[in-house]
Amino acid sequence: MSFSNRKILLAVTGGIAVYKALELTRLFKKQGADVRVVMTKSATAFVQPLSFQALSGHSVHFELLDTEAENAMGHIELARWADVFVIAPATANTLAKMAHGLADDLVSTLYLAATCSVYVAPAMNHAMWNHPATQANLKILQTHGVNFIAPESGEQACGEIGMGRMAEPETICRGVLQTPAHYDSFRYAGGCNLPLPLQKSGVCKTPLRIIITAGATREPLDPVRYLTNRSSGKMGYALAVAAQQAGANVTLISGVTHSAPPLNCHFIQIETAEQMHAAVFENLENCDIFIGAAAVADYRPIVCGDEKIKKNANQITLTLQKNPDILANVAALDSPPFTVGFAAETHDLEIYAREKLTRKKLNMIAANWVGRDEGGFERDENALEVFWQDGQQSFPMIEKSTLAEQLMALIAERFHAPK
Ligand code: PMT
């Protein structure tokens with residue numbers, strides 16, 4: 001999915017986060033969107049409009065009654081032109097005007113005139129964010145069908161620490177990108193106001209954090225050779241895309257593959273099982289769902305010399321050391337994420353899958369046949385038998401991209417199911 005042919009109206013209101021809106025403009029353009037920028041007067045105190053003009057390729061709009069030839073598109077035309085209206089950063093003042101229907105500048109007037117979907121990335125001091133007036137305004141805006149991209153917690157420009165820092169441009173871009181284009185006109189139908197399956201509900205639909213492992217690990221024998229397996233990473237990468245589209249914030253930890261990593265996910269490339277184990281544990285904080293789709297080598301050569309092994313002997317013996325079981329170690333944490341394993345089997349699929357589900361204390365396991373003529377490793381299609389403690393579901397042979405969407409929908413359903 002991309003913004004190809006989508007018309008994005010970006011309103012920039014006055015706060016220190018205005019500088020991040022420059023990067024947001026660049027990201028929207030990079031995804032193929034046509035972007036027009038509107039600025040409030042106070043926003044121009046932080047960044048020159050010329051910067052937005054250069055990045056968007058259009059002159060910037062400020063005035064409600066604009067008579068200049070270049071800016072001749074009036075506020076109603078601008079509002080009709082847009083497929084998506086994004087307000088980033090959105091100050092407490094702008095949110096208040098929007099909530100109460102004021103129309104005393106171009107941005108607030110456009111909000112009233114726009115019938116497309118609206119995304120708001122608030123940015124303000126934490127005390128302003130937490131003030132009952134702001135929180136009440138957010139609730140009103142939610143009833144208008146506005147989509148929020150939650151601010152983040154951390155050190156603020158004023159030096160204080162708390163919630164209110166505008167989300168990073170990549171997060172905002174992903175938030176807008178993940179809503180399919182056909183939702184654009186559904187603002188008042190409430191289509192965009194429902195959390196996506198992998199978002200937390202609430203005023204701000206915060207994405208769930210998902211870690212996915214994918215591909216094969218490589219276990220070095222010497223400086224030029226390694227032990228590996230047939231995993232291409234296709235299944236894990238398809239899951240990463242499907243999870244993003246369902247609203248999640250995805251970290252993809254992958255062995256070396258021939259596939260390009262999905263756009264906008266946090267991508268970490270590793271080679272060995274030990275490196276994958278370390279990368280998973282370094283990123284586990286606040287992880288809601290862990291999915292182990294990687295084909296991790298169960299064993300590694302106990303010695304990996306600095307020199308190439310010579311072929312003098314007719315036979316050589318390799319001694320292998322067991323690798324850490326990443327999936328089992330994640331599930332064994334005191335408060336583990338919702339943990340989903342895969343099982344790749346050549347026989348007795350259900351028996352082995354159920355045994356792994358129980359032994360590794362998983363929430364769910366997706367089992368697939370490997371070593372057959374269709375599905376499994378390397379191919380573009382796959383079929384899955386999914387098991388959890390009190391249920392199971394079959395997914396017949398289909399493209400991995402579609403299968404990944406179906407599996408993510410099931411994972412979201414099980415994740416949200418009452419415990
Ligand atoms: O990558 P593709 O070419 O698209 O192929 C997809 C796939 C067949 C690789 C994928 O669908 C799949 O089945 N992945 C898991 C492969 C596997 O290693 O299964 P397993 O039954 O050996 O391992 C069970 C589970 O434990 C897996 O979730 C695995 O990631 C995990 N594991 C295993 C060993 C280990 N040391 N650490 C682990 O985390």
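Predicted model: local features only at pLDDT ≥ 70, side-chain atom pairs only at ≥ 80, totals over all residues.
## Basis

Local features need pLDDT of at least 70 and side-chain atom pairs count only at pLDDT 80 or more, while totals for chains, interfaces and linings use all residues. Residues are numbered from 1 along each chain as its sequence is written, and side-chain values use heavy atoms, without hydrogens and water.

## Helix 9

Helix 9 spans residues 169-177, and seven of its nine residues are buried. Helices (H or I, at least four residues) and strands (E, at least two) are DSSP runs numbered from the N terminus. Buried means under 20% relative accessible area, exposed over 50%, and partly exposed in between (1.4 Å probe, protein chains only).

Among the buried residues are Pro169, Ile172 and Arg174. Their cover includes helix 1 (18-30), strand 3 (84-90) and helix 10 (234-245). Pro89 is found in strand 3, and a cis peptide bond joins Ala88 to Pro89, with omega about -5 degrees.

## Loop residues

Lys361, in the loop between helix 13 (349-359) and strand 17, has a positive phi near 55 degrees, although this residue is not glycine. Lys361 is exposed, at 63% relative accessibility.

The loop between strand 17 and strand 18 holds Glu378, whose phi is also positive, near 70 degrees. Glu378 is partly exposed, with a relative accessible area of 41%. Asp373 is found in the loop between strand 17 (364-369) and strand 18 (381-388) and is exposed, at 73%.

Conventions. Contact = heavy atoms within 4.5 Å.
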